[in-house]
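This report describes selected packing features of one protein model. The sequence and the structure are shown first, and the description follows.

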Amino acid sequence: MEEALKTRLCIVRPGETEENISHIFQGHLPGTLTENGRSQAVTLRKTVDVSVFDAIVSSDLRRATDTVTILLDGKVPRDWVRSALFREKDWGSLTGQVVGKADFDAFPSDVETKEMLYVRAGKALCFLQDKYAGKTVLVVSHGLFLQSFMARIARVPLEQVGSMRRLGNCECRWMEI
């Protein structure tokens, strides 16, 4: 029986944003890296050699693409896919609002649920498995999305997604699929 090709993923969360500091629901907002966020990406660039990646897959939101651009430091990637599939959780009408003012027991109906995010993370995982089998891929996405995505990789059920440690800004984690 032939063994499936393993795909290596370097999973990265974007650098700190103005919206992180302001404690607002960023969701699908583009996001603006702070000077610290840019510095975090430069620091990460010193430890992650982008030339080892066969491809880069990122969210299409500016905070993710800006982080990738800093990591590339002028290098041209072989293959860079920017996809809405890898965006952060959609906070719907809460987007742009201060987190501390939200009623966490009664989110509006237009907020992407944990179940919906988990399903989308599964689709993102299938995309990577189908397109990049046997490759080494840099994945740059967002905190809550990546938590569900890593849970899918680790085969952690939906009810236990919260047990997955979230990545800090510009933190990377290597995983195999």
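In this predicted model, the buried residues of helix α5 are Gly-143, Phe-145, Leu-146, Gln-147, Ser-148, Phe-149, Met-150, Ala-151 and Ile-153. Nine of the eleven residues of α5 are thus buried, so the helix is largely enclosed by the rest of the structure. Three elements pack against these buried residues: strand β1 (8-12), helix α4 and strand β5 (172-176). Just after α5, Arg-155 adopts a positive phi of about 60°.

**Helix pairs**

Two packed helices are described by the angle between their axes and the distance between the axes. The table gives these values for two pairs.

| Helix pair | Axes come within | Crossing angle | Handedness |
|---|---|---|---|
| α4 (residues 114-131) and α5 (residues 143-153) | 8 Å | roughly 65° | right-handed |
| α2 (residues 35-45) and α3 (residues 62-72) | 8 Å | roughly 40° | right-handed |

Which residues form the contact of α4 with α5? On the α4 side they are Leu-117, Tyr-118, Val-119, Arg-120, Ala-121, Gly-122, Ala-124, Leu-125 and Leu-128. Their partners in α5 are Leu-144, Phe-145, Ser-148, Phe-149, Ala-151, Arg-152 and Ile-153. By residue class, this contact divides into twelve nonpolar, two polar and two charged residues. Phe-145, Ser-148, Phe-149, Ala-151 and Ile-153 meet α4 and are also listed among the buried residues of α5.

For the other pair, the axes of α2 and α3 cross at roughly 40°. That angle makes α2 oblique to α3. Arg-38, Ala-41, Val-42, Leu-44 and Arg-45 in α2 meet Thr-67, Ile-70 and Leu-71 in α3. The residues of this contact comprise five nonpolar, one polar and two charged.

An α-helix has 3.6 residues a turn, so residues three or four places apart point the same way.

Thr-113 lies in the loop between strand β3 (80-83) and helix α4. Its relative accessibility is 31%, so Thr-113 counts as partly exposed. The side chain of Thr-113 reaches the backbone nitrogen of Met-116 at 3.0 Å. Thr-113 and Leu-158 are 45 residues apart along the chain, and their C-alpha atoms are separated by 11 Å.

Note on methods. Residues numbered from 1 in each chain as written. Predicted model: local features only at pLDDT ≥ 70, side-chain atom pairs only at ≥ 80, totals over all residues. Heavy atoms only, no water. Axes fitted to C-alpha atoms, helices over the stretch in contact; angles between N-to-C directions. Helix = DSSP H or I, 4+ residues; strand = E, 2+ residues; numbered from the N terminus. Left-handed = near helix turned anticlockwise from the far one by under 90°. Contact = heavy atoms within 4.5 Å. Nonpolar A, V, L, I, M, F, W, Y, C, P; charged D, E, K, R; others polar. Buried < 20%, exposed > 50% of the residue type's maximum accessible area, 1.4 Å probe, protein only. Polar contact = N/O pair within 3.5 Å; in protein donor to acceptor, adjacent residues only side chain to side chain. Parallel < 35°, antiparallel > 145°, perpendicular 65-115°, else oblique.
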